[in-house]
Amino acid sequence: MVDTEGATTPGELAQRLDAAGYLADEGVATAAFLALRMGRPLFLEGEAGVGKTALAQALADVLEAPLIRLQCYEGVDAAQALYDWDFPRQLLHLRAAEAAGVTDVERLEHELYDRRFLLARPLLRALETTPSVLLVDEIDRADDEFEAFLLEVLSEFTISIPELGTVRAETPPVVVVTSNRTREVHDALKRRCLYHWLAHPTFEREVAVIRRHLPGVSERLADDVARAVQRLRAAGLLKPPGLAESIDWVTALAALGATELSADLATRTFGAVLKYQEDTERMTSEVAELVGRP
């Protein structure tokens, strides 16, 4: 169980997340609250840009704990996630010892594998840092072997270092695992976690988030962009825009001095919200319908 900074209900946690800059709906607040109270990892799945990583950062702010991020990618392995030895420093130490005439091989070997030469990667740092929030980002980009390894670590919150012994978390970190669902994550890992699907926001919530991040923009511009982005998501694009792209689009439009979205401005700033040429070409031909108001 983790202290939720005085929050005794999901609603109170939502208020604290709000103060940290994250507008959580009832479902997100409840999932996060239960993960904290039950001491279980929170598995967040959803399209890119819906706020999965931002929730982990907001939880770190609420708990006044550092956010430690393990970015997953194809080929990531245990050494890159756990620890590695600082070979250049070990080599310098060995040369210095030889220059000083040290002949005790056993002592020298022991010194070479001292904790000061160990480079802690995200998982080890999270276990050694109390409190901490561990973000395992985009687990779907890693392979099956790494997924199985991660499950073992999250089950025991211990790491065995042959040269130094076993490291056990004094207090297990708060763990947030995210997936963009580019592939299915195995059930074994999901069963270890509390699961929540993070959907694209409603129009009203999207406007609220935009206004929270960019309080200086006009209400008309926030409404126009949120409405246009909702239409983009329903258009069957190669890459539907997420909440992050909505904020980027409003930022770009505000930088041009816009107070509302027009067809001309939309066409000129599509690069902030659309990331494929095919999508841009298609929406340029349909821009009048895109920016039209009900």
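This briefing covers the sheet, the nonpolar cores, the aromatic pairs and one arginine of the structure above. The model is predicted: local features need pLDDT of at least 70, side-chain atom pairs count only at pLDDT 80 or more, and totals for chains, interfaces and linings use all residues. Residues are numbered from 1 along each chain as its sequence is written, and side-chain values use heavy atoms, with hydrogens and water left out. Helices (H or I, at least four residues) and strands (E, at least two) are DSSP runs, numbered from the N terminus.

**The sheet**

- Five strands form an open sheet with parallel pairing, in the order β2-β5-β8-β1-β9.
- Its edge strands are β2 (67-71) and β9 (194-197), and each of them pairs on one side only.
- On average, neighbouring strands of this sheet are turned by 20° against each other, direction ignored.
- Two strands count as paired if DSSP finds at least two bridges between them.
- β2 and β5 (residues 133-137) are joined in the parallel sense over 5 bridges.
- Leu67 stands opposite Val133 in β5.
- Helix α3 (residues 52-63) lies across β1 (42-45), β2, β5 and β8 (174-179), and runs at about 175° to β5.
- Axes are lines fitted to C-alpha atoms, for helices over the stretch in contact, and angles run from 0 to 180 degrees between N-to-C directions.

**Nonpolar cores**

- A nonpolar core is a set of buried Ala, Val, Leu, Ile, Met, Phe, Trp, Tyr and Cys residues joined through side-chain atoms within 4.5 Å.
- Buried means under 20% relative accessible area, exposed over 50%, and partly exposed in between (1.4 Å probe, protein chains only).
- The largest core has 34 residues, of which Tyr83, Leu123, Val136, Ile139, Phe146, Ile159 and Ile161 touch the most other members.
- Two or more residues each come from β2, β3 (83-85), α7 (122-128), β5, α8, β6 (158-161) and β8.
- Helix α8 gives the most to this core, with 5 residues.
- Apart from this core lies another, of 32 residues, among them Val217, Leu221, Val229 and Leu265.
- Ile161 touches Tyr83, Trp85, Leu118, Leu124 and Val167 (heavy atoms within 4.5 Å), not counting residues up to four places away in sequence.

**Aromatic pairs**

- The whole structure holds 4 aromatic pairs.
- Rings of Phe, Tyr and Trp (its six-membered ring) pair if their centres lie within 6.5 Å; planes under 30 degrees apart count as stacked, over 60 as edge-to-face and the rest as tilted.
- Phe146 and Phe149 form a tilted pair, at 5.5 Å centre to centre with 50° between the planes.
- These two residues are about one helical turn apart, because Phe146 and Phe149 are 3 residues apart in helix α8 (residues 144-156).
- Both Phe146 and Phe149 are buried.
- Trp249 and Phe270 have ring centres 6.1 Å apart and planes at 40°, so this pair is tilted too.
- Trp249 lies in helix α12 (residues 243-255) and Phe270 in the loop between α13 (263-268) and α14 (277-285), so the pair ties together parts 21 residues apart in sequence.
- Trp249 is buried at 0% relative accessible area, and Phe270 is buried at 1%.

**Arg233**

- Arg233 is found in helix α11 (residues 219-233).
- With 15% relative accessibility, Arg233 counts as buried.
- Its side chain makes polar contacts with the side chains of His200, at 3.3 Å, and Glu206, at 2.7 Å.
- A polar contact is a pair of N or O atoms within 3.5 Å; within protein, one must be able to donate a hydrogen and the other to accept it, and residues adjacent in sequence count only if both atoms are side-chain atoms.
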